[in-house]
Amino acid sequence: IRWEDRYSKTMEDDKMGRWARVAHAGRLKNLGVFRGKMCQWEIAWVKRIKHNNPSINGMFTVDYLFPTNSKTILHTLPEAKKEVEQAFKHFIRNV
């Protein structure tokens, strides 16, 4: 699994208020062909949840694109990345 910074390379949002990390699977920089076009295989997006509670350190949502189409909420970015990697490895082992 390879992680890509989307919109911002820091923990701050970009000028338009966007922030995400995208998980890709595969080799050769994840290039593939779908319907005759080159593409990358995205398996999940991790996005930051904005909230007004200062006692909460952070919240992140994992939007799975593959192997399921579901969401999970976690407290830290490392937890979110680990969740994606474990879910994908579990899928690959059971296919």
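The model I am working from is a predicted one.

I turned to Trp-19 and Phe-60, which form a tilted aromatic pair with 5.7 Å between the centres and 55 degrees between the planes. This pair links distant parts of the chain, since Trp-19 sits in the loop between S1 and S2 while Phe-60 belongs to strand S6 (residues 60-64), 41 residues apart. I checked accessibility for both partners and noted that Trp-19 is buried, as is Phe-60.

I then looked up Phe-88 and Phe-91, another aromatic pair that is tilted, at 6.2 Å centre to centre and with 35 degrees between the planes. Both residues lie in helix H1 (residues 77-93), where they are three residues apart, or about one turn of the helix. Phe-88 counts as buried because its relative accessibility is 14%, which falls under the 20% cut-off. Phe-91, in contrast, has a relative accessibility of 27% and therefore counts as partly exposed.

My last entry concerns Asp-14, which I located in the loop between strand S1 (2-6) and strand S2 (20-24). What does a polar atom of the Asp-14 side chain lie 2.8 Å from? I found the backbone nitrogen of Arg-18 at that distance. Leaving aside residues up to four places away in sequence, I recorded that Asp-14 touches Tyr-7 and Ser-8.

Notes
Residues numbered from 1 in each chain as written. Predicted model: local features only at pLDDT ≥ 70, side-chain atom pairs only at ≥ 80, totals over all residues. Heavy atoms only, no water. Helix = DSSP H or I, 4+ residues; strand = E, 2+ residues; numbered from the N terminus. Polar contact = N/O pair within 3.5 Å; in protein donor to acceptor, adjacent residues only side chain to side chain. Contact = heavy atoms within 4.5 Å. Phe/Tyr/Trp six-rings, centres within 6.5 Å; stacked < 30°, edge-to-face > 60°. Buried < 20%, exposed > 50% of the residue type's maximum accessible area, 1.4 Å probe, protein only.
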